[in-house]
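Dear colleague,

I am passing on the structure below, together with some notes on what turned up when I went through it. Please read the notes with the structure open beside you.

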Amino acid sequence: MKIIEKLLTKRKVIFFLCIFLVVAGVYSYSNIPKQKMPDTTPPIGTYQLIAPGYSSEEMYELIVNPIEQVLLYNDDIRSINASTYDGFAIIMVVLDVRERNVDDIWEKVNKDVNAVKLPDEAMDPIFKSDFGFPHAVYSVTADEKEKSELESAVQAFTNSIQKIPEIQSVEIDGNEIEVIQVQVNMEKLNELPLTMKNIGDLIHSNGMNIPLGSIQEKQKKISIEGSLKYDSIEELENLIIFRNPQTTEDIHLIDIAEIEKVTKENSVRLYANGKEAFFVSIYFKDNLDFTKLGDELNEVVKSYNEDYPELNVEQLVFQPEYVDEAMNQVNMNLLQGIILVLIIVLIGLGLRNAFSIAITFPIIVFSTILSLFVLGESIQMITITGLIITIGIIVDNSIVISEAIQYRLDLGETRNRSIYLAVKENALPVLSSTLTTIAAFSVLMFLPDVAGKMIVSLPLTVIIAITISYIAAMFVTPVIASVLYKKRTKYKTKKVSEKSSKWLRKIVGNVLNRPIMVLVLSIVLFLGIVGVGMAGRNIVLFPSAQESIVYVTYDYTSSNKEIGVEKFSELLVEEILNFDNIEYMAHSVGGDLPRFDTSVSMISPLPTSGRIYIRFDEPYSNIPKIIGKMEEQLAKYLTYGSIQISELLVGPDIGDVSIFLSSENIDRVVEVAHRLESYIQSIKSIKSYGISYPLYQDKYQLSFNRNALAEDALIGADVQMQIRSMIFEETVGKVQVGENHLSIHLGANIENIEQLENSGIFSQKFMQKNPLNNYAEVTKESYLKVINTVDGEYQLIIDIRAEDTLEIGSIMQELQNEIDNMDTSEVVVDLGGMNAEAADSMSDVGIAGIVAIIIIYIIMLFQFNSFWQPLIVLITIPLSFIGSFLVLILFNVDLTFTVMIGLVSLTGIVVNTGILLIDYINKARALGKEIRQACIESVERRIRPIILSSITTIFGLIPLVIYGGAFFGPLAYTLIGGLAASTFLTIFIIPALYYLVERRKDRNTKSDKC
């Protein structure tokens, strides 16, 4: 403890360091990146596979499945989801990664995928792993403006945004592209000894510049370049494609084809407030203060609105505004918590002591922010919540040291002697208390999956703050006390009246007389309240984000051609527009909207799918009613397809119950799915369900006659390439129109199978054409339009929504019973959903809690040098659960992921009371006092700092209860209930158990001596 004596002589150095830390912390806060929530984007990569002209079945057999087989042997991959369409496929790969380098894994995976031998017609796989969430998304619409003009205006908007240095990238969705369309008349082409491929090669080769090299002239090399490009549409039209050798007549491209500039629509149609729209998605660079960048963006939008007053620019997503509002709210909560804690300290310890503790607040808070800044972390709601949790905890150590110093002063010790003795007496128990709290929060940093990634900054912040608070209590508080503290008057030193002290000793004495009865009653109380709390609570992994936003995901599955996906979408939008107070609405057809929230999963780019986003000018309290009414209104359209209405969640949107059916035999999957669907319809507690059966489509099958082909010296592959070039539109070059270079798209005017059958197949050997039906017979068949596979097997998913989340467990049990009684041979059936995900996450948290308890036990084992005494202290943990579940029951709080986080956190916080009590009892016994007397005195001596510490922690959490919402509120309720119950019960039960164990040990020792 000589260091304390040294510090008291170097007070100016300590004061200077404290001022420096506060100033550095303020600087860090102004520069540290600020976000709303942590980035929880999982390690996902996609492979885009393109093979024009291939059916979905050919795509899967020749391209997708070979890649799947390679990926299945990689141990770093958790799952492989593939969706295969005609000519196109997407393979989504999810990595199973904790601390390893994701980039290195992707490099290895890409190497394996690129080594797969694919058909020549297939393009190289296109890999993407950057699935960041756009930080701002704007929709741009116009009342009276051509689409091409609107596109130019949007491009100007994009250019203005890209000038901001902090912008990483900008993407435009919904834009159309202009191309030069060359549509060949097949009747005219049949008269010429040319094929569509010949036409494409001619256009391409006559508009292609090839490097020509250089020649040596007078000791200098001079490069040679050729100029062979189409400078106008007229040049393309006048391209000679054939010269008749007999008449020398030239046939130009315009003679057999229509050539015009056309606009190609995007496959996904996007709308904002009922009008066709462009969406501009903006991505910020890493480690930025969103609030500052938001101001710059607003200035750009304001200037743009002035230049283009006829356009409507509206926000779909604007993270800077969300971050600013969230940060203001949580910062206000932090300030409110600090004020409440200081009021409690003022009442409990007096003005001087309260002032000294108030000084440590900015030191600890800003030192924590400085540490986060140095570590490269960001400030977001989770981080500030961590600070709010520690408001009461970080003063605990200072309260213990402060109260001990004041106690010594009041006994007549000198100021420096009081400081020395107080620090020496409490250094070890305070260190143990700090380490146990750190142990409880440290295990939370290693939770897996999205939930763990989301919450990791909370335990990190708490650990840093508590560590700094211990340093402040050991070194800063003594230095402040050496300046401010003095002996109080006799009236003020009276901690409790004689009557209160006598009452307290009497209660503790009665408890010591009946320790077994007290223990049994505690166990009964624990089992009763925790049992009721667990049985009657909703299990919600990720609760509502409590924003006034609703989104509808739909998929058109009907065979009714009179409706179609466009009409289906229009019906849904018209129905939704009947709702009042819609502030903004956007919707998509044939794919997804730009990502508007991290909790919303992406949908497949199917032409039958879409999404509707609605933002209401209503308080969130009305949103559940609106969703209920919307479900009723849209139910009449369920005959046309699936409709799912959701609100934004704090984490990923997980369905109530999901049934996963997987097999190598898709017919068996469909058969089992139909049986399950029939059963699902009989369960009354199911509100709705969605199921996308395999989509089959007609196709024409060409059966070639090899003998007929051989007669005309035709090869099957060449014939198929000729057919493919007739029905598939290819890009064959570019034409310069003004300042733009437009792609040339070559296609034929084939509109039906009869035209194709009559199209000529050219024989190079005989220089003649015969119709296709000379060589092939055409039949009509059906094939699988979309093939969905998971880990190489066909998969079908049934999503179920329950009438009440309390019914989820019973629904899963009913379904499991039905599945057990069904013939599911060849099919793997898995039940998942919110309960399953919650069970997995809570199991992870439970394991973390067990690890924390083991670490806490080891810490106390070192302090007490006893196997039994740490076990006595651990009794405080189940005692705290009594209070936590009692509060959850009283306030009807759901069992959320943060409730489990709160319970694990309590394991390190509530043991502090037991540590202080047993530490005092051991020291009193070392001075020769009897066990009973030492137990009673420990309560009398420690009750003041224990109660003050608990009350300050509880009051510090009150703002989080009021403003924490459905995510942070349950965490605060759990901590408050646990702290209140453990403080009240521990004060009496710990001495009773200590007395019970040590008294028997003493008796056994005496009998051994006898």
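Which element gives the largest share of the lining of the second largest pocket? It is H33, with five residues. Before going further, please note that this is a predicted model, in which local features need pLDDT of at least 70 and side-chain atom pairs count only at pLDDT 80 or more, while totals for chains, interfaces and linings use all residues. Residues are numbered from 1 along each chain as its sequence is written, and side-chain values use heavy atoms, with hydrogens and water left out.

The pocket and the cavities

On a 1 Å grid over the protein atoms alone, a pocket is an open set of points with protein on both sides within 12 Å along at least five of seven lines, a cavity is a set where a 1.4 Å probe fits but cannot get out, and lining residues have an atom within 4 Å of a point. Points are joined across faces, edges and corners, and a volume is the space filled by probe spheres set on them. Helices (H or I, at least four residues) and strands (E, at least two) are DSSP runs, numbered from the N terminus.

The second largest pocket holds about 960 Å³ and is lined by 36 residues, with Val-540, Ser-544, Glu-647, Leu-649 and Thr-805 nearest its centre. Besides H33, helix H21 (623–634), strand S21 (641–647) and strand S31 (793–802) each supply at least two residues of this lining.

Two backbone points

Most residues other than glycine have a negative phi. Glu-826, however, has a positive phi near 75° and sits in the loop between helix H26 (808–821) and strand S32 (828–832). Glu-826 counts as exposed because its relative accessibility is 53%, where exposed means over 50% relative accessible area, buried under 20% and partly exposed in between, with a 1.4 Å probe and protein chains only. Asn-865, in the loop between helix H27 (834–864) and helix H28 (868–874), also has a positive phi, of about 55°, and is exposed, with a relative accessible area of 71%.

With best wishes
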